[in-house]
Structure formats: structure tokens, C-alpha cells
Amino acid sequence: MTASASAPPHPLAPLTEAEFAIARDAILKSHGPSEPLFFRSLHRQEPTKAELVPFLELEHAGKLTDETPRPPRLAVVEYDVIKKESSDYSQAIIDLATSTVLSKAVVPRVAPSESYMTVGEFIQFQDNCVADSMFQDAMTEFVLPEGFEVMIDPWPYGSPDPGTTPPRLMQGLVFAHDTSKKNADANHYSYPIPIIPVMDWKTKKLVRIDRLPTGGKGDPMEPAPRGDKPKVLFEQSQSADYIPELLSIPQRTDLKPLNVVQPEGASFTIQDDGLINWQKWRFRLANTPREGAVLYDICYDNRPIAYRLSFSEMTVPYGDARNPFHRKQAFDFGDGGMGRAANSLELGCDCLGAIHYVDSLLVEPDGSLNRLKSTVCLHEQDNGILWKHTNFRTDRAAVARNREFVVQFIATLANYEYVFAYKFDLAGGISIETRATGIVSVVGIDYGKTSEYGNVVSPGVLAQNHQHIFAVRLDPAIDSYSNETTQVVVEENRPHKMNPETNPYGNFYDLVREPVEKATWIDLDPRVNRSIKIENSQKKNAISGKNVAYKFVNPPTQMLLADPNSRVSLRAPFAQHNIWVTGYRDGELWAAGEFTNQSQHETGGVGDMVKRGDWFGEKPADGASADGQKSSPVVWGVFGLTHNPRVEDWPVMPVEIHQLHLRPADFFTANPALDVPGTRNESSVLVACCNGKNGPA
């Protein structure tokens, strides 16, 4: 017997609008009109693993009934209780079935860290700033051309000076917008103004204005003294527009249409509760305000592969050593949230073909619901050849195309865009992809000068060197949800010394395996092809006799370049190593810890998780710390881009692509895509060569 249509929502289903209202109203009622609230986030509280796994096992066995115990449907609400002198950041858990507030508390944080900034706070920053007399006075140092108006990009404050406990701060990069073009999309980034206002967000007043150095190589690191006369800005600057109607170059006219056509529609299905089926893949999708799209219960042919898969964090530290640029270090997930910054995607632009869009439910400061439309797109795409072989004796070729199913979302963080995608293929593989685009972060530089801190991309515009370092979190479930079966193994290929007994010709090499017994970090090494395998220690492949497994293929990109003792490094230990393996604990989702805004060091991130000393399987002989416990492993992949900007990145950067892969390794007994038909694409046509023939001259 299966569950009926009237059964409660699936434990992993996104919140409905009705549930959203229940949670909000419960919080409002619990505080009353005398305590004004500022709502920050409202989303589904995930069930504990111990509660959810038995339900999933019954679901996949087809044994769910209306009487099957279900984890409770809960919501978490994050909000500020507004007070005269301050505000308390609070979290509450709501039982949606009973409209009951199960818990409610002010969240403790390690000073001076603060809760994340919301989109609403970022939007208010400019108006509060330009109205402040301190900012107005600072702007008297400069003369802007006629028709130019101030435009300010809000930024997280970064890390305060050690030993200080400042208020909740926000800083801004200041630019000028050429209003004479009568186009709100005219690019203001080519007109940087060399000041940074710093605001106390609780009072909405500026606490200071930082003047910026604009010198080049060999110049002092400090700003030049303020002159007796106002400085005229942008005398040699050039506009750098990208909007088609403002470009000074004509649009190309020789690009013929290239349409993605699926005459019979899509090959995937999605249900209201987030369940997606495509080919032999089955998983669930939900949006969170911090992570964006998150995937749950990923299965292939009803065999589990992952319990949860998500993008966890990204840090973007800048390499300009001059004060105050050392504070330019964003944590785009923890400081603001990718789900909150998600784009509403447009049909035929961000995704092609037969598309399904998924909305996000976000909360406004007053508690009202904001349905952000089309933040995740689901679609199929071609990715070249999946497999092919030509029998040279018969000249017969067998070939299958590599179709992918893509779950994609895009977030805009002021100047940068990030494209995030999970890509499922027909052979049991998953690629986790990031693309960086948008506009590089720039500051002013004196005309004619160059800098060791970045590259001049336009007259008077310095694009500073920086890094983008991402963390992906994988909670594996290789052919089982049991905590007892998953093991992580480090594999290396090492040269074997030539000798008469075991390697007489010198061509043999060793495959060396080392199980990960306790929480740790791992640095990749291409010289020995160091790689990570996630295995089911209790299930063997019927052909090879090896443990069924998936390879976790992480690119061995450059890690954090900041000095290990620097504030940048202390805030982001996750960015110092390629792989982290930690013990599972409910709610531990953040590679850099929960509170990154204004942090001075990591608290509760992967560094602390490793120090705790959890172990897997048998307790290691060297023991573990007092806080450690036996657990199942969670794998974190860290990869990134060291971005030393090029002129070609200006004014909009072509995408920079990085991928992490999950690939089956003895999980199947043969190529799982042998049954993919080699269908000929009937819409393909021949293109004539220069002499008008359909072949070589």
C-alpha cells in the first residue's frame, strides 16, 4: 500500500505559501505589537538525518502508507527584535502542523561577527549614505563632470581590526553614473571615486570616510594628502558600456540562429513537492536563502548516491595590500546569501530548449511573502559525444550523444554574477559547475600609472587581483543510507622502482590506497594523481570484486594565497586545502561557519569540525579529542579561480568555468549508458564550402 494523495507534504518538500504564512503569523503572535520585528529569512527546517533516513528507505522500497511515521514539518524564522539602541538577532523553530513556536532564542555569536546582510539592507545603504553630512563633506574634495551622479555599491565590511568590537557595519565602493546618457544601465564602474564610506547599520549614520590611495608602482601605500582645491575627476576616463543601445560598435549581423528544439517536449518531470525524475535519475530540489538550489536524496536506478549536495560557501579575498583594501574579502553565501541574490531567469536567454522554472519564496522585512519568480531553471542540453567506437574492420561506428540534465541558478552580487549548475549525465555522473562573469571589482588609479596590485583595464580604472574560492558540500550515501557503510579512501599512483622481482622492465606503478579514518583535510597532488573515492565498504562489485564507489574528482586549483597568519586566512581556513572530510552533525552546512559577516576568525566551519576529532569506522589508534565521536563522513570539495584581471575582462568578463565531478567507480557492472540510443539528429545539415560544394574542393 502506498501513501494517498491526501498525505502530508513530503518531509523534503519546499514550504507552501500557506506554511509560510503559518510560520510568520506564529512569530508575530509570539512577540506582539510592542516588539517590532525585522524579518530576515523564513524557510523550511530540514529534518534530522535520524528522522528522515527511515522514511526514505521505506519510500524507495515502495512501503509508504498513510500511517508511516514522518518527520515533523518545521520552519525556521530568522529575524531581529528592534530595540531603541540595538536589535537582537533571533531564530525560532515553528511546528507547521500545530502553528506552535517550538523554540525561540537570541542567537549567540562570537564578537565582532554579525548576521548576514539582506537585500533590503543593501538597497537602503546608498540613500542613507548620500544623505549623511559626513559623506557630503567628503565629496567636496572632488568635482564631477556635469550630469554625473553618485552611485554606491554596498559591501560587507570584512574583518574589523583585531581586539575591537565595532557595531554592525557596512562599507561602500563609490562610483559616478553618467546620467546624460539617459539610461539607467550605463556602466558606472568606469568612474570610481576614491573614498569608502563606513556606516553603523544600527544608527544608519556614517562613522568615518576612508580616503583611498590611487598611486601606482613605487608610490606610497597611503592616500595622497587632500589638496587645497577640489580635484576634478574623470578628465581622461572613458565610458565602458555593455548594453547594446549604448555600444559604440555595431552588433554582429553574421550570426545565424542556433535554436534548441525539442519537438516532443522534455524528457524530465517535476512534481510540486520538488521530486525530479530524468532518465534513471531521481532526486529532490529545494531552494534555501543562503545556498540557492540544494539537491536531496540523489538516486540512480533507485540506488542512492547522495543524501544532500549543495554549494556551501565562497570567499573572495583581494590582493591589494593598501589600507583599507585589506578589508575587501566577501563571503558571498554567509555575508549575504546566494538564494537571496538569485536572478529571475528569462526564457530563451539563461537556459535553452524545453524549460521548467522553479520559484523561490523569500520574506520581506515586514514578514510579507516575496515570490521570486523563475530562480532555478531545469533543462536538457547536448554535451558532445557520450561514447563511441568504430570497428575498423567493418567501418561501422556506434555512437551515443551525451545529453545532460541541468539544474541551474544565477546570483548577482553587486558587480559579479555567478552561475551555479548541477549537471547529470546518462552514464551515472554528476558535474558541479561554477561560472564567474559580470564586472570585475575596480578602484581608481592615477592616469598613466600601473600597479602591482592589479591591472589597468581602462584609463584611471584598476581591476585588483583577487581569488574566488568555492566550497561544495557532499553528504554521500553510496548505495545505502547507513552511517556504517560509507568510507572515504585516498588513492595515489606512485612509481615502482625497477627491480628483477616485481618490476623488471620499469613500467609498473603502484596504486596505493589509504582509508580516511578520522576528520582531516587533504591537499591534491597531480604528480601522484591523488584522488578521493567514496565507497560502500559492505557492498562489492560483482565483476571487479571492489567496493562499489564514486570518485570525487576535485580540480587541484590554487588555494588561498594570503599569509596563514593574516586575518584573511584566519577567516577562511576552508580555502587553504582542496578536500575536507568531516564527521556528520545535523545542521553543519557551512564551510566557513554560520557567521562570516565581520568575523575575525572561523567559528564552526570545517577547520573546527576537523579539530573536534570525529572518526569513521573503528576508532583510530591515536585516539580523538574529547569532543569527537564516531560518525559518517561528509566530503567538502574546495576549488577556485585566481583572477589576475585582463583587459579582455572589461567591461564585462567572459565566463570563467570550473567543475567538480562525481563519477561512478565500480558502482555498475558495465557502462550504464549502453542502452542510450544512437539516434541521428535529423535537423543537422551540410554547410557548403567556399566553392559552393558540400565537401572538400
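Two strands are said to pair if DSSP finds at least two bridges between them, and strands (E, at least two residues) and helices (H or I, at least four) are DSSP runs, numbered from the N terminus. With that in hand, T269 is seen to stand opposite N277 in strand β13. The model is a predicted one, so local features need pLDDT of at least 70 and side-chain atom pairs count only at pLDDT 80 or more, while totals for chains, interfaces and linings use all residues. Residues are numbered from 1 along each chain as its sequence is written, and side-chain values use heavy atoms, with hydrogens and water left out.

Buried residues (under 20% relative accessible area, with exposed meaning over 50% and partly exposed in between; 1.4 Å probe, protein chains only) make up 52% of the 697 residues. As for contacts (heavy atoms within 4.5 Å), 67% of those with a separation of 6 or more are between residues 24 or more positions apart.

E121, F125 and C129 are buried. These three cover an arc of only 65 degrees around the axis, which puts them on the same side of α3; the arc is that of the directions from the helix axis to the C-beta atoms. The face turned away from that side carries the exposed residues I123 and D127. Among the elements covering the buried residues of α3 are β1 (37–45), α4 (133–139) and β6 (148–156).

Next comes the annotated site. An unreviewed UniProt entry places the feature "active site" at D332 and Y416; such positions are given in the numbering used here, feature names are shortened, and annotations may be inferred rather than shown by experiment. The two span 85 residues in sequence, yet no two of their C-alpha atoms are more than 10.4 Å apart, so they gather at one spot.

D332 lies in helix α5 (residues 332–336) and counts as buried, at 10% relative accessibility. Leaving aside neighbours within four places in sequence, D332 is in contact with residues including E313, L413 and Y418.

Y416 lies in strand β21 (residues 416–424) and is buried as well, with a relative accessible area of 3%. The unreviewed UniProt entry also gives Y416 the feature "modified residue: 2',4',5'-topaquinone". Not counting residues up to four places away in sequence, Y416 touches several residues, among them Y318, H466, H468 and H643. With H466 there is a polar contact between the two side chains (2.8 Å). That term means a pair of N or O atoms within 3.5 Å; within protein, one must be able to donate a hydrogen and the other to accept it, and residues adjacent in sequence count only if both atoms are side-chain atoms.
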